[in-house]
Amino acid sequence: MVTVSYPAQRRGPRAPMLTEGLAEAADPIISSPAFLDVPAGTVDWHGTLRQARVDAPPIKNKWPVVLFSPALQAPREFYTSTADDLASRGYVVVTVSHTHEAFAVEFPGNRIEYGGVDGSPETMKKVIDTRVADMRFVLDQLPKLTKNADLSRVGIAGHSIGGYTAGETMVDDRRFDAGINIDGGMEHTGDGGPYSPGRVVTQGLDRPFLLFGGDDGDRELSHADTSITRTWAEFWPNQRGWKRDVHLDNGAHFGFSDLQWAVPQIRQVTPEHRGSLIGTIDPEDALKAQHDYVAAFFDLHLERRSTSLFDRPRHPGVRLVD
């Protein structure tokens, strides 16, 4: 299942973040101690509205395309902020749910497909291979979904393992012109398996690729022995195309999803847990930086529009890692 967000006229009702059926299925999982650690029913996910409108008439043009892959087991609906912002700037944005891996995906007719992974090396290899196949298939099918996509200008981005998906997809498919890894380790080692970095790490790319992460992924922090740090450090000398590493100080992993704006509004989330989920950076600063850097990257490489954001940071908490 995919959602297509696009530059549109301001008509029609605002879209819900989650449909009623998906909200009902997802709430117990998102509310659990592994995520928000709040009582089920605390958040009205269906009543939370996107900036996007339902079935809004498109602004007719040929817009560059960005495909987006979410974190492990996450549905696409938890990246509405990124999709809405990019679409408002002149992009067709296609967010993808990876069925049977994502914890819940809703199909037409209110059918919910649940998923999960066991974390074994074999499963994690299957996860990344399936995600790459998904992204390539979606690009194949895009002309059937919208007439406003310019398929000569295609980018790809993703969060967590979705960032790994972006890089591996670019290795396999030259139709993708530029990519972003948002706070994602680029390996499929699994639980207890031998270290298995992706081909994007060992081979690099000859096209532009941006690393954009928080405190788990700083290549300069030798004490941060994480999947992100190790694979980003190994990728760096092998990357032959344009590259930048943008770091968000005091940013945490789930702060690169819609939890960055949702968690501060949920008073039942303790300050300590809030910090572990989205970091201690000011949420408005974090969102502004994320939106501006993602858009500036694709503006530069898909629109050929110059920017100085990658020469000197202009947002609180942002560093450019050499």
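Predicted model: local features only at pLDDT ≥ 70, side-chain atom pairs only at ≥ 80, totals over all residues.
Residues are numbered from 1 along each chain as its sequence is written, and side-chain values use heavy atoms, with hydrogens and water left out.

**Exercise 1.** Classify the ring pair of Trp-45 and Phe-78, and locate both residues.

*Solution.* 
Step 1. The ring centres are 5.5 Å apart and the planes stand at 65 degrees, so the pair is edge-to-face.
Step 2. Trp-45 lies in the loop between helix H1 (20-31) and strand S3 (49-53), and Phe-78 in the loop between strand S4 (63-69) and helix H2 (80-88), so the pair ties together parts that are 33 residues apart in sequence. Helices (H or I, at least four residues) and strands (E, at least two) are DSSP runs, numbered from the N terminus.
Step 3. Trp-45 has a relative accessible area of 3% and is buried; Phe-78, with 6%, is buried. Buried means under 20% relative accessible area, exposed over 50%, and partly exposed in between (1.4 Å probe, protein chains only).

**Exercise 2.** Classify the ring pair of Tyr-293 and Phe-310, and name the cluster that holds these two residues.

*Solution.* 
Step 1. With centres 5.5 Å apart and planes at 70 degrees, the rings of Tyr-293 and Phe-310 form an edge-to-face pair.
Step 2. Tyr-293 is in helix H9 and Phe-310 in the loop between H9 and strand S12 (318-320), 17 residues apart.
Step 3. Tyr-293 is buried at 0% relative accessibility, and Phe-310 is buried at 6%.
Step 4. One aromatic cluster is formed by Tyr-91, Phe-212, Trp-242, Phe-256, Tyr-293, Phe-297, Phe-298 and Phe-310.

**Exercise 3.** Which residues touch the most other members of the largest nonpolar core?

*Solution.* 
Step 1. A nonpolar core is a set of buried Ala, Val, Leu, Ile, Met, Phe, Trp, Tyr and Cys residues joined through side-chain atoms within 4.5 Å.
Step 2. The largest such core has 53 residues, and those touching the most other members are Leu-18, Leu-36, Trp-45, Leu-86, Ile-180, Phe-212 and Phe-298.
Step 3. Helix H9 (residues 283-302) supplies the largest share of this core, 9 residues.
Step 4. A second, separate core of 31 residues has among its members Met-186, Val-200, Leu-205 and Phe-209.

**Exercise 4.** Is Ser-160 buried or exposed, and which residues is Ser-160 in contact with?

*Solution.* 
Step 1. Ser-160 is placed in the loop between strand S8 (149-159) and helix H4 (161-172).
Step 2. The relative accessible area of Ser-160 is 14%, and the residue is buried.
Step 3. Neighbours within four places in sequence aside, Ser-160 is in contact (heavy atoms within 4.5 Å) with Ala-71, Asn-181, Ile-182, Asp-183, Gly-184 and His-253.

**Exercise 5.** Determine where Asp-55 lies and state its phi.

*Solution.* 
Step 1. Asp-55 belongs to the loop between S3 and S4.
Step 2. Although Asp-55 is not a glycine, its phi is positive, about 55 degrees.
Step 3. Asp-55 is exposed, with a relative accessible area of 71%.

Conventions. Phe/Tyr/Trp six-rings, centres within 6.5 Å; stacked < 30°, edge-to-face > 60°.
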